[in-house]
Structures are given as structure tokens and as C-alpha cells.
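Subject: Structure handover

Hello,

I am passing on the structure we spoke about. Please open it first; my notes on what was found follow below.

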Amino acid sequence: MPELDYVRDALGSAPRSRGEPNTTTFPEGMPAARADARRNRRQLVIATREAIASRGLDVSALDIATAAGVGVGTLYRRFGSKEALLAYVILGLYDELLDVAQMCLRRADAWDGLAEFVMELAGAHRYSRGLAEVTAACEGPLSSERVQRIVALQEAVIRLTERARTAGYLREDVTWQDILICPRAGLDTDHCLGVDAGPDGWRRVITILLDGMRAPGHIPLEGPSPQVRRTE
């Protein structure tokens, strides 16, 4: 997935890879304290993204601060609370998905655009346990910022679905709600009854699913279409 502009905008520069020397520069005359604050904020966001990717949303402020190389007090000074930091990072993950959806809508071939989005969404869930948890969450109130992004993603997927159907690629009984649910099939595909799918086995599973979505479809779909839950 392309790196998010929100990270660069909020932190002053793009994150460095591990081991890469720090070449970040700041405008002449910028107080050292302000430069340190920007670096600390940047490191907190990077550490949070990595922490929730591997461990999910149940991470502590101490774990995040330690991974960022700062004290817990710095986390609270920069973001106010751990929850506010998590919310900021989660919004960024949603924005990444929106960027991908818009890129897929620009694909000349409608099926290629839809298939690419499904594969990217499946990969995003595989990469980030925290993203998989937050997109599955249905209980509790959501912030207006989250609701806005969820609705925008749904609208983008509706457009991707209708483009593929109008072009004759997508079977008539597959809905846009199916398109959002199916990528989660790649989450638990590693092992079963002594069979090892390998690290990229999930891609094979999603490809099989995509092939089953193509028109005309030979087996009627069982069960009702997934339903939309209210997000407000």
C-alpha cells in the first residue's frame, strides 16, 4: 500500500527505514525543542502502526512509547491519550484504503480495478491485525471522522462493483456488501489438517474467490446478502 500522506503532513517527513541514517532537516532557526517534538510525534505514529499491526489494538501506552524510544509522558503531551493516538493512526489506515479504492477506480479495466481492490483489502487485513479488528467492530459509538471514512469506502466499493457489473464481468447476484466481506477470507488460511498454505497462501484463496464472482456464475449463492449496519 502506498505510504500515507497524513504521516508526512503530521510528522514533517516520511518515516525512515530501520538503520537508515537520520537526514531530516528543519528550517533554520527552528527551536531544538520543536524539532524534537516533531521527531517524537513521528516516532510515536510509526511505533503505533507497527504495534497494532503485529499485536492488535490491545497495546499499552508504555509498549508504544518504549518502541518509539520516548517516555510515556511524551505520548500524552503529543496526543493527550493513548486512545487519541490510536484513533489518529486508525483514521490514517482508513485513508490508505480510500487512496487504494480511488486508484482502482481509475483502472481502465473495470474487473482489474475491482480485483485489485479486493486483493489489497485482503492484504491490508493480513498485514495489520489492528485494522482487521477495527473494520470488524460493530458495537459502540464511532467518531464522526470514522463514520465519514466508512461511508466513503462503501461508496467507492459500490462504484467499483457497478463498474464491473456494467462491463459484464461480475455476476448479477454478487453485491457490493459481498465485495467488502470476502477479503476477510484471507485472514485464517495458513494451516488446516496438516496442510500448510505458505506465507502467500491467502492470495490463492482470494484469487479463487474472485474467480467465483465472475459472470455468469454457475452455482446459485446460498444465504442472504450481507446487510449494512448503522454506523451512527
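Of the contacts in the chain with a separation of 6 or more, 70% are between residues 24 or more positions apart. Please keep in mind that this is a predicted model.

Overall make-up

The chain has 232 residues, of which 38% count as buried. Its secondary structure consists of ten helices and two strands. Along the sequence the order is α-α-α-α-α-α-α-α-α-β-β-α.

The core

The largest nonpolar core is made of 50 residues. Leu 44, Leu 85, Phe 117 and Leu 210 are the residues with the most contacts inside this core. Helix α5, which covers residues 82–105, gives the most to the core, with twelve residues.

Which residues does Phe 117 touch, not counting residues up to four places away in sequence? They are Leu 97, Val 100, Ala 101, Cys 104, Val 157 and Leu 160.

Helices α6 and α10

Helix α6 (residues 110–127) packs against helix α10 (residues 201–213) at an angle of about 145°. The axes of α6 and α10 are 10 Å apart, and the crossing of α6 past α10 is right-handed. On the α6 side the contact is made by Trp 111, Ala 115, Val 118, Met 119, Ala 122, Gly 123 and Arg 126. On the α10 side it is made by Trp 202, Arg 203, Ile 206, Thr 207, Leu 210 and Met 213. Sorted by class, the contact of α6 with α10 has nine nonpolar, two polar and two charged residues.

Gly 186

Gly 186 is placed in the loop between α9 (176–181) and β1. Is Gly 186 buried or exposed? Its relative accessible area is 0%, so Gly 186 is buried. Leaving out residues up to four places away in sequence, Gly 186 touches Arg 126, Trp 202 and Ile 206.

Arg 165

Arg 165 is part of helix α8 (residues 144–166). Why does Arg 165 count as buried? Its relative accessible area is 15%, and buried means under 20%, so Arg 165 falls in that class. Apart from its neighbours within four places in sequence, Arg 165 is in contact with Leu 170, Arg 171, Glu 172, Asp 173, Val 174 and Thr 175.

Two backbone details

Leu 193 lies in the loop between β1 (191–192) and β2 (195–196). Its phi is near 50°, which is a positive value in a residue other than glycine. With a relative accessible area of 85%, and exposed meaning over 50%, Leu 193 is therefore exposed.

The other detail concerns a peptide bond: the one from Ala 215 to Pro 216 is cis, with omega near 5°. Pro 216 is found in the segment after α10.

Regards

How values were computed
Residues numbered from 1 in each chain as written. Predicted model: local features only at pLDDT ≥ 70, side-chain atom pairs only at ≥ 80, totals over all residues. Heavy atoms only, no water. Core = buried A, V, L, I, M, F, W, Y, C linked by side-chain atoms within 4.5 Å. Buried < 20%, exposed > 50% of the residue type's maximum accessible area, 1.4 Å probe, protein only. Helix = DSSP H or I, 4+ residues; strand = E, 2+ residues; numbered from the N terminus. Contact = heavy atoms within 4.5 Å. Axes fitted to C-alpha atoms, helices over the stretch in contact; angles between N-to-C directions. Left-handed = near helix turned anticlockwise from the far one by under 90°. Nonpolar A, V, L, I, M, F, W, Y, C, P; charged D, E, K, R; others polar.
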